[in-house]
Amino acid sequence: MRLIRALLVAAIVLQPIIAPAADRGRRLGHYTHQRWSEESDAPRPVTALAQDRRGYLWIATAAGIFRFDGLRFEAISTAIDLVAHGAPSALLVRRNGEVWTNFERSRRFAVYRGGQLRFLRAPPAPHRISAMHESRDGTVWVLTEGIGLPLMRFRNGEWTSFGTEAGAPLDNPFSMVVTREGVVWLSFTGSVARLAPGARRFEFVRRELGTLGRLSLDPEERIWLTERRGTYPITGPGGRGNPPKLRHPYRTDTGQIRGWPVFDREGNLWIATYYDGLERVAQPDPRGAASPAEAMSRVERLTSREGLSSNIVAQIFQDAEGNVWAATANGLDRFWPATLRFEPQLTDTAAFGDLLLQASDGTVYIGQASSVYRVRPGGDPEPIFRTPVEPRTLCEAPDGAIWIGTDDKEVVVWRDGRLRRLPQRAPVDVTIYDCAFDAEGHYWVTASLGGMARYRGGRWQRMFGSAGGAFVPKSMATDGHGRILVQWNDRILSRLDGRRRSSVPIPFGSYEPNATTLYPVAGDTLFIAGRFGLARLRGGRLQTISARTVPLFSGVNGMVQTPAGESWLASPAGILRVSTAELERAFARRGYVPPMQLFGPAHGLRSRPHTHSRRAIVRGGDGRLWIATQTGTLWLNPAEVTRSRAPPSVSVSALTADRVYRDPTSVTLPAGTSNIQIDFAVLSFSNPRAARARYRIEGQDADWIEAGTRRQAFYTNLAPGTYRFRLIGANENGVWNEESATVEFVIPPTFLQSRWFVALCVLAALFLLWFAYRLRVARVTAAIRSRLEERLGERERIARELHDTLLQSVQGLVLRFQSVANRMPVGADSRAHLEAALKRADEVIAEGRDRVQDLRVAEGSSDLPKLLGQRAAEVGFDPEVPVRIVVEGRPRPVHPLVSVELGRIADEALFNVVRHAAAKSVEITIRFGVRELGVEVRDDGIGIAEDVLAQGHRPGHFGLTGMRERAERIGGTLSLDTAPGLGSAVTVTLPGRLAFADYAPAKRLFPSLFRWLKEPSHA
């Protein structure tokens, strides 16, 4: 019996010691708190909250409906006249994604779908709506504030009311909860009722006037009632049966309750009050509190004095990530479980940083400005030593005693609740800086410029003389062999083995030296941290990770390695967690940056680790890590810290061009749109500013664009086309959501951007080119025709001059000479000579007349077939060779001068046939085309030699050259076609505008165009 009694006593005494930290309930101070109120332009007052399937938080306020992504409040109800309809009073996100609300003044229901908030085609509610809930079968239950008509149901498109005919009391409805089975529970001023699935009448389970009760559901679906006397369950799990016998209800301030209480998923009860802020009961026991004192102490409160945005709280809501939101009269507050937990009794921070010591039994000792605390594994901080003089050092002796060095150089020894003081103060010139015990159990202290001392055999000894110069002892530690490690001066680390000393340089390099942190681990390994980064001394070899490579390692003043293979470091940037294996790799590979997780304000770090604490982080026997910060000592449990592997949800909230398109998926924008704005969100409320976003337009952006904390994308000068915008996001742990949010949008072209316009522009350009070409051709043609006309006029002038002057004069002279000859004797030799000369003169006159006639032949040479026929007949083939004239196309009159030149070219071609071709037949083809005139002289002779074709003429002969020059002179081209044994062909081609006498310059552009379209070409 005595043994059993002793074991029971031991269990009671040891329970706080062996209780695991995981069983400790999270207090309200263990949440990180953030608020949005007037300083952050948050809409207010907030009356209702809800979260949709994508992760947006919906907020009902007096200023309308808003949607929140953690960074921005987006107004949704801008198209609603709030003066006419009033403010929204409740919110419901249905399973199909629709968001429902109701407006106080008009009492009309509105639904958000397809990017727009529209009124439902439903009758207005009879009274103000205070809550809405959807059951698993899709039924919507609506709680009104109307006396006698508390409940409405929407099912299969029909509304049903449950009022006095269903047994509703003539009383104020207060709250509503709906179980998973579809049972609706209502509370009134003095009663609680339930409505079973399919039932038509209420069933009352409690009647007690004036209780002012409000209902809540815990994770096991017990129905809890919060009323004037406190909070307690009224059913068993699932809303069925009776609760366990109540000991004492939790003393919640029910008289101030405004919104209904809410259980979070961890089983904590949160209560919104009207004038006294927020109340919380951590995991209340269904049996109630064990005593009246516990019933009071278990209720935590948070008001505006502690940072709540307002003491008027309307609703509590928990989102999908576990964040708890409070809707207040002045904005919005968010609470999420902090990784680093605040201890309210550890806020009396020491001037030079809190002292932390991990004892061999797993107890953690914390020295603050006027107290030293002990934290046993799984326990809370408890003071063991109060002092008006600030503690400066904490060390554990081999026997487990804690030696405390104070600012006045006094040393106090604490063991098992008893205190004793050393008889003498430490013989150092200034206050104690650090301490350590060696392998023989001797106590060592350093004092920087005050020197170094050892306590052995009840006496103090000064060690190594006076400080100064190369001897300025600071940080100390004891390695696994009991040897003292000490920062000997700014740049030297020494190992003391008795009075023997060995030293290595501290790798400050170009960094300014400062105090270092020493962390010995099992074996012969020592970590050294300072401004330079992190170094490791192992086996006499020093390795360094420079702060230039890993800036977060600069200024580390605390380090812990856990059995789980993690290294934790206290850095000015926050608390770092890195895999020990990755840290080993960083030491082995110069320049390698190990992946790390940084814990900062978003995780509950209220201020950075204290810069003067030499060991700003230690590990207790229960696994908790204790961190000394500027505002006190915090703790975290590495076992409760998880890296989220779930990617965040991403969403494109709006596309703005000519107007705002909300929640777009596929949009056709107005034609000609070139500038757009795309608003998007990475929906992770736990640490929204650490979330990252990347976006791109496929085919437009070469690579992903990093958005940082920006949540908008801007594009300018977009061409018409079809675009696809993609968005991906990552949480604070770098887990990316590869299932991107996408929006396709089409920008139709304007007429000026359309293909028709481009085609018209091309046609216009071609027309202008054609017009310019035709204009140029017309000008060249006019110039050539002008030159031809000038030549023709000049020929006629010369013919007139020759006829009227030279020939007439010569004829006159001949007549005079003839008269002289007539006077001479007949038969005289002189007369015979003179008459012979006169005969020759007649021949010259005849030849002159022929030449004059040739100059005027153009007047009758417009009939080219006739002219060439005459020329062919005059050739005189010997033997006779038939010449055939072929006319193709409609004959047209040819310019006289052109016909002359063509006739002479034909003469030369026929002459060559006579002399060289040995042909049996000749064919002259005249082609009258719309746009050109062609003349071809073809024979069936032996052809033209290849060397003649290559040179363009026979050596010493100029017939071909002359033909080519004549053709060029009238604006044409001459070509030769020949083959051995197949004869040859001489072809002259020239534009019709130059060849034809009936060419009309005034109609040279458009009429000719239509003529070309109507008449076939024979060219």
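Trainee: What makes strand S12 (residues 151-155) and S13 a pair?

Mentor: Two strands pair if DSSP finds at least two bridges between them, and S12 and S13 have five bridges in the antiparallel sense, so they count as paired. A strand here is a DSSP run of type E with at least two residues, numbered from the N terminus. Within this pair, Arg 155 stands opposite Glu 158 in S13.

Trainee: What should I know about the model itself?

Mentor: It is a predicted model, where local features need pLDDT of at least 70, side-chain atom pairs count only at pLDDT 80 or more, and totals for chains, interfaces and linings use all residues. Residues are numbered from 1 along each chain as its sequence is written, and side-chain values use heavy atoms, leaving out hydrogens and water.

Trainee: Why are S10 (129-134) and S13 (158-162) said to stand at the edges?

Mentor: The open sheet runs S10-S11-S12-S13 with antiparallel pairing. S10 and S13 each have a single partner strand, so one side of each lacks a neighbour in the sheet. On average, neighbouring strands of this sheet are turned by 20° against each other, direction ignored.

Trainee: How many cavities does a search of the whole structure find?

Mentor: The search finds six of 30 Å³ or more. A cavity is a set of points on a 1 Å grid over the protein atoms alone where a 1.4 Å probe fits but cannot get out.

Trainee: What makes a residue part of its lining?

Mentor: It has an atom within 4 Å of a point. Among those lining the largest cavity are Asp 354, Leu 355 and Arg 614. Strands S29 (355-358), S33 (391-396) and S37 (434-437) each supply at least two lining residues.

Trainee: Which volume does the second largest cavity have?

Mentor: About 60 Å³. Its lining includes Ser 187, Phe 188 and Glu 208.

Technical notes: On a 1 Å grid over the protein atoms alone, a cavity is a set of points where a 1.4 Å probe fits but cannot get out, and a pocket is an open set with protein on both sides within 12 Å along at least five of seven lines; lining residues have an atom within 4 Å of a point. Grid points are joined across faces, edges and corners, and a volume is the space filled by probe spheres set on the points. Helices (H or I, at least four residues) and strands (E, at least two) are DSSP runs, numbered from the N terminus. Axes are lines fitted to C-alpha atoms, for helices over the stretch in contact, and angles run from 0 to 180 degrees between N-to-C directions.
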